[in-house]
Amino acid sequence: MDEVEIPQYFLCPISLMIMKDPVTTVTGITYDRESIEMWLLTAEEEAMTTTCPVTKQILPRDIELLTPNHMLRRIIQAWCIANASKGIDRIPTPKYPLNKSHILRLVRQVNNDKLCVEALRKIDVLVIENNEKNKKCLEEVGAIKAMVTFIVKSFEERKLINGLEEALRIFHLVWRSTIENIQLVKENRDLIEAISWILRSDMTKNQVVIKTQAMMVLKNVTEVSSSNLLSGLNPEFFQELVNTLRKESEHHISQQATKGALQVLINACPWGRNKHKIIESGAIFELIELELGNTEKRVSELVLCVLAHLCTLADGRAEFLKHAGGLSVVAKRTLRVSSSTDDCAIQIFGSISRCSATKEVLMEMLRVGVVSKLCMVIQASCGEYLKKKAMEILKTHSNVWSNSPCIQVYLLTRYPGQ
């Protein structure tokens, strides 16, 4: 790049770089927006004010008091264009976040039947822009509460009203686990029922998008729901989750929705009664079918996590073993995906080995490669606790698997004293 003399007043006093979005503070000094906002944000957390970097005068921390210097920005942009041949990059016109009062007005309009659809569309645009300031502002003015009210209203009226897609997306993208938001949803059974209703509703358009957004909201909610709410989920709720997994196998739902459904199942699994309901809904068959056709790492991690939970119950192990591909697909994923899947796989094999180890099952484990994978775990660079669990399984049934080459090598040769 040719040597170019940059006018001093184009430079931010903090970064000493050409300003892309010049703003003027109440002290009369102009800074690049990113630099001065970072200065304000990193001031002492409890302090309402800080000092101006140049004048050392008191400076309020409220970033809404920063005034865009449009004239200077245009001058800088024109200068950059004029010097483009000398290697100066053009500076694009920045997108400005709306002020809080405007966003508050939009959120309030969501409760107005005549204005709600247009308001939701405008808020949706702000969120999709992925402007974190807009999202933070929306959360602060009560957008989550407004979306919950709108979603529940749709359920109560049994109408898939216009704006529902936007409301679900806004909830998911704006959601933060703040105390206020958690209090709003942790016991909100109406919201859970509303989302379940959306998932089982027939739609003429945007079905995949709306149901994907509904599942992501459900994931957000169940992550912070109370024990009382989660332990009381009904069988129909789990049936809708299983239907989502089935639709993934049939390519009628997005993978994002599938991951959301799997995460919700994991969130519900700590309660034994939920595990029974999940098993009774036919989840294990669908989980195995899903994994048989899956190539995505995160899906494998989630599927095996759910299976590990469900195989702690006798009914779960019975359903798992009933599927001809259960043991085989878990064996194939072992040592091929991640340490998380390895952990879950060994849990599954351990549960079956301890509680469901008929001769037929043990021979099937040998036939489909479970035994050889257990031997490989012992040699692999994985956690010692996994190696110990694998060794325990092998030693427990070494009499049945005595003809296996890996048993002879690893138990009799590598560990001759055990």
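Which residues does Ile36 touch, not counting residues up to four places away in sequence? The close-ups below begin with that one. This is a predicted model, in which local features need pLDDT of at least 70 and side-chain atom pairs count only at pLDDT 80 or more, while totals for chains, interfaces and linings use all residues. Residues are numbered from 1 along each chain as its sequence is written, and side-chain values use heavy atoms, with hydrogens and water left out.

**View 1. Ile36 and its contacts.** Ile36 touches Ile14, Val23, Thr25, Tyr31, Pro53, Leu59 and Leu66, where contact means heavy atoms within 4.5 Å. You will find Ile36 in helix α1 (residues 33-41); helices (H or I, at least four residues) are DSSP runs, numbered from the N terminus. Its relative accessibility is 0%, so Ile36 counts as buried. Here, buried means under 20% relative accessible area, exposed over 50%, and partly exposed in between (1.4 Å probe, protein chains only). Pro22 is 14 residues from Ile36 along the chain, and their C-alpha atoms are separated by 9.6 Å.

View 2. Arg33 forms a salt bridge with Glu37, with 3.3 Å between the closest N and O atoms. The term stands for a side-chain nitrogen of Lys or Arg within 4 Å of a carboxyl oxygen of Asp or Glu. Both partners are buried, and they sit 4 residues apart in helix α1, about one turn. An α-helix has 3.6 residues a turn, so residues three or four places apart point the same way. Asp21 joins Arg33 and Glu37 in a network of salt bridges. Across the whole structure, the search finds 14 salt bridges.

View 3. In helix α17 (residues 314-322), Lys322 and Glu319 are 3 residues apart, about one helical turn, and their side chains meet in a salt bridge at 3.0 Å, N to O. Lys322 is exposed at 61% relative accessible area, whereas Glu319 is partly exposed at 29%. Helix α22 (residues 384-396) holds Lys387 and Glu384, also 3 residues apart; the closest N and O atoms of this salt bridge are 3.8 Å apart. Lys387 counts as buried at 18% relative accessibility, while Glu384 counts as exposed at 59%.

**View 4. Aromatic pairs.** A count of 5 aromatic pairs comes from this rule: rings of Phe, Tyr and Trp (its six-membered ring) pair if their centres lie within 6.5 Å, with planes under 30 degrees apart stacked, over 60 edge-to-face and the rest tilted. The ring centres of Tyr9 and Phe10 are 4.9 Å apart and their planes lie at 80°, so this pair is edge-to-face. Tyr9 is exposed at 52% relative accessible area, but Phe10 is buried at 1%. Phe237 and Phe238 also make an edge-to-face pair, at 5.2 Å centre to centre and 85° between the planes. Phe237 is buried at 3% relative accessibility, and Phe238 is buried at 0%. Tyr9, Phe10 and Trp79 form one aromatic cluster.

**View 5. Helix α9 from end to end.** Helix α9 (residues 189-200) has 12 residues and reaches 17 Å from its first C-alpha to its last, close to the 16 Å expected; the expected span is 1.5 Å times one less than the number of residues. Its buried residues are Leu191, Ile192, Ala194, Ile195, Ser196, Trp197, Ile198 and Leu199.

Technical notes. Helix = DSSP H or I, 4+ residues; strand = E, 2+ residues; numbered from the N terminus.
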